[in-house]
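Visitor: Hi, I have a model open and I'd like to walk through it. Can you take my questions as they come?

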Amino acid sequence: SKFRGGDLPAIADSFGMQLFGELDYVREAHNCERFRELYGYWDDVKVPRCCSPLTRKKVLVQEWVDGVKGPWEGEAATNMVRIGLRCSVDQLMHTGLFHADPHRGNLLKTPDGKLAFLDFGMMADVDEDDRYGLIGLVIGLQNKDLPLVTEELLELGFLKDTTQLDQLVPRLRAAVVNASGGTGKASDLNFAKLQNELDEISRDNVLKFTIPPFITVIIRSLTILEGLALSVDSNFRMVRGAYPFVLSQLLTPDDNESTPAALRKLLVRLLTVDGKEEEIEWERLADFLRLAQKAAGKYKPSEDESDDKSEVSRQTIDLFFKFLTSRTGLFLKEPLVHELAEAIDGMASIGEANLIRLTGGLVPPLPGGNGPVNEKRMEEMRAVIETLQSALVVKGGAVEQSQERMTYMMELARELLNFISDERRREEAGPVMDELISVFQMVAVEVLEIRGTRAMRNILRLSPN
């Protein structure tokens, strides 16, 4: 048989370290304590304590955990899968400490409804660049973003160069189609089938396609978790299930920590046009926010909601402003200011043009007014405004809508009063308010610059750029 593609010695070393690591109980106890520090405080996760003073290389002394091994049944089973998915995504996105053996014998449903993790012999530490590169690859596949997929394949080490890209891309597309049951949608991917498809490509002596060792470990782990989830729900799909949790992690950063360079690079690539930090990808940002919000609710990974264009909730709008005013979302500030200024100037120019038309030219525009209108920008801003409005629209009769709006306005007023009277909350919100004031000031200055420059060009009779 042909060799599996990739760096065989590195893959063998990786599995060898995990295999022999499982036989070292001192190392396992250390892994358990690391994992417990990271996830033991979660409300729905249980990680046993280790008794390090009594643990030896061949003897592990650990807290006993009561629980039931999977597969489980009913709503509780779906909840266990959801917790497992959320925790796995956090391991990839946030901590890098990856539980590499999450089979049903190592996962228990405790009497109080928590998901207990056991057996910390097989663990993997995945560095930051590889973690976010893998996330970028998943998002690229989900959004059929071929340039992003190509970029991540190169950076992760699947490809050495782009010389064989024309041959590889059709093979990858075929692999995704086969592994998704013929739909070709990344949200329908079956990881076990995808691994087999990648193995077939990597065994081909024609294409220089290799599978990095850390990817082999992660895919194996996700395949095990997927198998457990399929025993609960035969319609389960890993990418579809994990995607909202991935986006939620991306868009709800921890402001106590600096933004990793790899994360910033990925977000710039995803949320600005051509990754140039000049224009915001509004439609993609709205889709990401909508999906990320599902991670906070009773999201069902077996239901295909990847193309859901339902109205954005108020919680989604809150998520948007939280991201926009965070350190991580700071890169959107400059393009946001530019686009808002351009839109305000465009709306003013439309009003001035209408006034000139209605008065037959008797009322002249202000200096620098009645300028060209960027229709694309106006359409984007219109879509954003409609999205914000949709979060406040209430379905039902006129009376119900009126009552709901009144209730919401009362809630806003009450929240504002609480905010004004609470010194601690004012101090906490200080940086956010300063950021918002800064944005408003910068927008006002840029509008004046746009109109001032246009006025000078009109005076000097210079053609616009």
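Visitor: Is Arg34 buried, partly exposed or exposed, and what's its relative accessible area?
Guide: Arg34 is partly exposed, at 28% relative accessible area. Buried means under 20%, exposed means over 50%, and partly exposed is in between, using a 1.4 Å probe and protein chains only. This is a predicted model, where local features need pLDDT of at least 70, side-chain atom pairs count only at pLDDT 80 or more, and totals for chains, interfaces and linings use all residues. Residues are numbered from 1 along each chain as its sequence is written, and side-chain values use heavy atoms, with hydrogens and water left out.

Visitor: What does the side chain of Arg34 meet in a salt bridge?
Guide: The side chain of Asp125, with N to O at 2.9 Å. A salt bridge is a side-chain nitrogen of Lys or Arg within 4 Å of a carboxyl oxygen of Asp or Glu.

Visitor: How many salt bridges in the whole structure?
Guide: Nine. One of them joins Lys46 and Glu63, with the closest N and O atoms 3.0 Å apart. Lys46 lies in strand S1 (residues 45-46), and Glu63 is in the loop between S1 and strand S2 (68-69), so the pair ties together parts 17 residues apart in sequence.

Visitor: And which residue pairs with Arg451?
Guide: Asp345, with the closest N and O atoms 2.8 Å apart. Arg451 is in helix H16 (residues 423-460) and Asp345 in helix H13, 106 residues apart. Arg451 and Asp345 are both buried.

Visitor: New topic. How many cavities of 30 Å³ or more are there?
Guide: Three. On a 1 Å grid over the protein atoms alone, a cavity is a set of points where a 1.4 Å probe fits but cannot get out, and lining residues have an atom within 4 Å of a point. Grid points are joined across faces, edges and corners, and a volume is the space filled by probe spheres set on the points.

Visitor: What's the volume of the largest cavity?
Guide: About 500 Å³. It is lined by 32 residues, and the closest to its centre are Leu134, Val138, Leu141, Phe191 and Leu194.

Visitor: Which helix gives the most to that lining?
Guide: H4, with six residues. The lining of the largest cavity has 30 nonpolar residues, two polar and no charged. Ala, Val, Leu, Ile, Met, Phe, Trp, Tyr, Cys and Pro count as nonpolar, Asp, Glu, Lys and Arg as charged, and the others, Gly among them, as polar.

Visitor: And the second largest cavity, what volume does it have?
Guide: About 50 Å³. Its lining residues include Trp72, Met80 and Leu225. The largest share of that lining, three residues, comes from H3.

Visitor: Last one. How many residues of H10 are buried?
Guide: Eight of its 11, so helix H10 (residues 261-271) is mostly covered. Among the buried ones are Ala262, Arg269 and Leu271.

How values were computed:
1 Å grid on protein atoms, 1.4 Å probe; cavity = no way out; pocket = protein on both sides within 12 Å on 5 of 7 lines; lining within 4 Å. Helix = DSSP H or I, 4+ residues; strand = E, 2+ residues; numbered from the N terminus.
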